[in-house]
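Look over the model below. The report then covers the whole chain and one of its sheets.

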Amino acid sequence: MLKKLLTDTEACIHLGITKELLYAYVRNSPKKALNHNRKLVSIEVDGKNRFRIEDLDSFDSYLKEPWSCEGDKRPEIPSYIQEYLKTEIGGKCPITEKGYPLENAHIEDYNISKNHHHHNIIRIAKDEHTKFDNGVLSKSSLIQTKKRLVESLKKRMANSPTETKIITYLPSIHIENIKGRQDEIEKIRECIAERGRVTIVNGLGGIGKTSLAQLYSKLYYHEYDYFFWIEFPDVPDNSTSREVFMSGIATNFLILDFLGIEIDNSIPLINQFELVFKRITQLPGRKLFVLDNVPNAICEFSFMVPETSDFNILGTSRILMEDFINLTIDVLKESDAIDLFYSFYKSEVNDDLVLEILRSIGFHTLTIELISKLAVKRDLRLEEVLQIISSEGVNMSFEVKVTTKHDKNRKPTVPFNYLCDIFDLSQLSTKQTSLLQYLSIIGNIHLSFIQLENLLNKEFDSNELFDNLSELHHLGWITKISDKYYIHQLICEVLRFKLKPTFEKCTTLIDNTYSYIEKSSNDFSIHFQKKYIEIAEQILNTVELPKDTYLHYKLCITRHYGFSGNYEKYNTLNCDFEIEKLDSDIKKKWLTNHGNILLKLGKCKDAIEVLEECKNLFQDMRTLAQIDGSIAYAYGELGNFVKAIELFEPAYEILKNDPKLSKSELAVFTNNYSLILNGIGQYDKALVFSLEALSIREGFLDENHPLLAQSYNNVGVDYEYLKKFDEAILFHNKALKIRESFRDENNADLSESYHNLASVYSQIKEFSKAKNYFEKAIAIREYIYPEGSPTLIMTYCCLAGLMINFDSLQSIQLYRKSFYYFEKFDFENNQYTPFWAMGFSIALFENNEYKEALNYINLAIKMFEKINNIASVNQAIVIKNKILKSFIGLDKKRQGRNDSCLCGSLKKYKKCCGKWYQV
């Protein structure tokens, strides 16, 4: 014979607990300190929880057993038991009937009982707890008080409904269509159980707040005795918010019919509301109120919500409500968004294309539903959907019937209209609308308050900007993560459509953005431009600019990508400029930028040619001196230090006392001068200039500024040349610390620090550290210079030289990569090339590749002779002799003086290898 199954109400009466605690035991393992995973067993019958008496008794006995081992720290009382204890006493001490302060007291001392059984703990006044601890209040008194509380609770439970009464209606929802919200459901349960009586789910319009509330209701309504769902209309303005909230509850005919209350038009609405709400709170048992799109007027009535755990409110709103617990939900994760798309769209499966579509709409829940349904209705392939969104955005021209649950009137319309209805501007102030217009241009770029203040300082003062940002965030227009503000891209599309930003309307943002980029180009660093360059690109894409403004914007964006190392984007943008059609001012800027970027790319000959042409367009001495400095630097990179010094010294004399030259520009020029001095061996003088540049920068830059790191780096290089390795490591580490603090792990400055530290460690024979830093530098430089660069080749060769005696095959591989670029980067004029060639020949010799080794040692000898480096010529001859002895051997008959040389040069032996061969 089957044993009777108890309902949840009957189970609560049997145990003498609330439904909230009953289901907490079903969900949670209370003895976490012992790593037990035992929960209360429930059986689902027709979608409802049922309980066996033996399971209830067994679990109750289990709770009375120890919760921790002897000697272990006493575990915390679970929050759900603490909530039960508050409900049990109704907010007042059962002895004194006072409400504050209250404490939990164990009837049987925990040190003896070792358990947190809910009936072994009673919540009493602090003074009564002290009396109990001191023996003034007896244990028997507490036991009797606890029994009285439990019996009272059982009577209340017996008088409560045995089945959940759905007073309004239970929303209809297909649970399988709700994707990726399990974490949010658990957070709602946590908030309701542990953190507060009222939980408000908020977030972007159309993000899925209503669906989440519907899902929670469907899953857990049966845990309550009474369930209410009230849906509020959009509030037209704040003045009617209060009336809408009160009416939604006080005039709901389903609620009134259940309570047996009639509407009395003779009394004020507030009195009718108070009567209805009070009657609801007095209902016995657990009550869940779900208020969809609840007006912020609920905050005014927070004092009416009883401080007991048997009355819970779950609300949804775009608005943050500071009086309650706010649970902000974000867009769906990638995998969940893809699942949601496929739940409507069945024609084709291609995750990559779907992901592109979803990224283009920012993973916005409602828009995923709309776009997928549109694709079904129009019988579109995924490629077609992506193409439409790419060309038209969400505001597409298709007129198609797409009906969703979000359409209150059930009138099919085009998808974009849903978003326009959700994001209504009519109730915003002029200043708020103006601020949203600026933010719609900026897009979903995350900016701090200070950055926004810099961009909008002519339009808003600080207090005004902060107040409007806060209000728009509160109203759900703006998202704030940490200290950064941004607008979701779909809201941007709606705002751009409605506000139609123009050059005249947005002059403040356009002027300030350009000014900041120009200032950071001259006085700060390329690293600080990134956000503002992104904004500049947004401006170009969203606002029609006058021709001159457009060209200046395009030029500063192009320059940024060139100097930041994104040469693919730089070349793409650069091709758009028709040089012959540019006016004089823009042409000057273009040539100056292009020449210096060619120099950064290592195309020194091309850079000199462009910069020389640039000089013909200028007349002022300061600019000409700066250009000469760049040309001098290019000659230094080519190894022509005599020409470099000829240009640098007079240019420096002109610039060092020029009051119009910024400190930053002078520091850059002084730094470059020190590099040239190092090239001609004037290391002490180079150090003086590097320290001078450092002193300038320390005077006006933040201690973590990247330009300060550049000066530390250059001082480190100077100390390295002077063989003061401890000082070199000190300054290189200072530079590295700053450079590693930036989030961009693939930047040229960081690779420079890694290379220079490796160079020092190599010289002091700490080869493991040197190899590690060289490899870090190579990883970055290969990433940012996919077509090679002088700096990448330098690191290849340095590591190759280091590896000759450890791994000749790796050394050869690195040298081969380097000499692949021999002609591309003017290696024949590079001061280091003959040393690299000599190192390459040694590595080849170690690997018995004698013929190729001879080719590279011959190249080294030729280049050493050209620069009249006799000591290196003699060293190279010794190496060549070793190669020849292994290659040709000592048998003179093998190689006649007039025979073709075996090295492959096609010259006679006597004029080639025989010239150097010595027995």
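A contact here means heavy atoms within 4.5 Å. In this predicted model, residues 24 or more positions apart account for 67% of the contacts in the protein chain with a separation of 6 or more.

**The chain as a whole**

The protein chain holds 40 helices and 14 strands. Its radius of gyration is 39 Å, whereas a compact globule of 919 residues would have one near 29 Å. Along the principal axes, the C-alpha atoms fill a box of roughly 120 × 70 × 60 Å. Of the 919 residues, 52% count as buried. The accessible surface comes to about 44000 Å². Carbon and sulfur atoms own 48% of that surface.

Charges come next. The protein chain carries 114 positive and 125 negative charges.

**One sheet**

Strands of a sheet pair through backbone hydrogen bonds, either parallel or antiparallel. Which pairing occurs in the open sheet of three strands? The pairing is antiparallel, and the strand order is 12-14-13. Strands 12 and 13 are the edge strands, and each pairs on one side only.

| Strand | Residues |
|---|---|
| Strand 12 | residues 447–448 |
| Strand 13 | residues 479–481 |
| Strand 14 | residues 484–486 |

Strand 13 and strand 14 run antiparallel and are joined by three bridges. Ile481 has Lys484 of strand 14 as its bridge partner.

Definitions and conventions
Residues numbered from 1 in each chain as written. Predicted model: local features only at pLDDT ≥ 70, side-chain atom pairs only at ≥ 80, totals over all residues. Heavy atoms only, no water. Pairing = 2+ DSSP bridges. Helix = DSSP H or I, 4+ residues; strand = E, 2+ residues; numbered from the N terminus. Rg over C-alpha atoms; globule rule 2.2 N^0.38 Å. Buried < 20%, exposed > 50% of the residue type's maximum accessible area, 1.4 Å probe, protein only. Areas by Shrake-Rupley, 256 points an atom, 1.4 Å probe, with all protein chains shown as cover. Lys, Arg positive; Asp, Glu negative; His and termini not counted. Charge placed at Lys NZ, Arg CZ, Asp CG, Glu CD.
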